[in-house]
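Open the model in your viewer and keep the selection tool at hand. The stops below follow one another.

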Amino acid sequence: MKRVLVWGLGASGLAALQLLKSKGIEAIGGDDKHKTDWRLLLEEVDTLVLSPGIPPSHPIWQEAVRKGIEVIGELELAWRFFEGTAIAITGTDGKSTTTRLSYLILRSYFSHVEEGGNIGVPFSYLVMKNPKALAVLEVSSFQGKTLKTFRPHVGAFLNFSEDHLDWHPDLRDYLWSKYNIFSRQTPEDWILLNGTQKVTRDTPSPARKVFFGDGCEAHVKEDGAYWSEEKLFSVEDIKLIGKHNLYNALVACVIGRIMGVPTDRMKEVLRDFRGLPHRLELVGDFGGVLVYNDSKSTTPNALQAALGSMPDGRVILIAGGKDKGASFEHLCPLVTQKVKHAVLIGEAKRRIADAWKGCTQVSLASSLDEAIRMAQREAKPGDILLFSPACSSFDMFSNYEERGETFKKLVREIFETPPHSI
């Protein structure tokens, strides 16, 4: 790299620029929002660093490839200056929870452990802070697509389902971008794979493989989680609800054991962990109605996991958001089993309503405020109000965090107001 163009000046782009300048590499930055003419800038560089939000269909990406300019992302850039050990966790759902648990488990036993990537801090900042750290990284498919030399010592591919078809040209490209995260591993490395899905089980990596899932080497029983014959934790050690979270914890613990963390130390971490915001987060008990904020649910698969954690026939569901092209029809049997009333919002609401026709009672709302008020009128003591959109937030909110915070604020305002005054 002699001269680099960083395109997209969000958190990762700014981090990439700072890292390059700290290494004495000439770098320039630009962004579509600033209406910078990238065509002129592209003539002056040999490497293009793209922010994760820039899709393969963007003309800057296509023109760089045509000109033979190297195209990488911020994660790949940071890796080239990293001297430590990386752990990479990916999957359609569950990445952030598993990454955070893995980080907390490793931090409880080792010094110089850092967490970042797609969750929170860009990898470039971690490299500038401590280039020899043990880095626990959440890696998205957007980041995976532009990796060229990245090699995690331990990897985990949690699950795979249809998603991000508004960014990837097709489902095959989405899957390949996940595979690419682990394609440079060696037989000295490790990879944890969901053994219940063929596409994850067949991940092409020469690393030592640990399969997890029902009937696999690493599995969950009624009394706890096991890797081979070793019991890693008991069910009562976990404060999170849902079997999917038991498996997230299991993966984190297997990573811990691979790295040498004692089982007792891991159990202490699990007992203290209350989960991340916006992931089946209990907002409160309002007159016998439990309200959960699952705003991080941006895929039908995430909604499926959330509903699977709920009692039959007691859920008032608020779902919907930006339409990413995913299918909702396959959820119909579970919706019938779990949901007594679904209130749908956002760009995708009519398509979801069509998919669930005859599965449950459905209402359409024009805003999140209206949806919560409609849900409140339907809810009875013993019911659960679940906000699990199964779609991204960008049609109505800037991100899932803003969406989740807005939901919690509105719930507290609306549920503290007597129903007759609404």
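A salt bridge here is a side-chain nitrogen of Lys or Arg within 4 Å of a carboxyl oxygen of Asp or Glu. Select Asp163 and Lys324: they form a salt bridge, with the closest N and O atoms 2.5 Å apart.

This is a predicted model, where local features need pLDDT of at least 70, side-chain atom pairs count only at pLDDT 80 or more, and totals for chains, interfaces and linings use all residues. Numbering runs from 1 along each chain as its sequence is written, and side-chain values use heavy atoms, without hydrogens and water.

Next, colour by domain: domain 1 is 4–75, domain 2 is 82–272 and domain 3 is 281–416. These bounds come from an automatic or database domain assignment.

Now show domain 2 and domain 3. Their C-alpha centres lie 28 Å apart. The contact (heavy atoms within 4.5 Å) takes 13 residues from domain 2 and 14 residues from domain 3.

How much area is buried between domain 2 and domain 3? About 950 Å², with 51% from carbon and sulfur atoms. Buried area is the accessible area (1.4 Å probe) that two parts lose on being put together, summed over both. Select Asp93, Glu162 and Ile241: they supply 42% of the area that domain 2 buries against domain 3, more than any other three residues.

Stay at this interface. The rule finds one salt bridge across the interface of domain 2 and domain 3.

Finally, select 89–255. UniProt lists these residues as "domain: Mur ligase central" in an unreviewed entry; such annotations may be inferred rather than shown by experiment.
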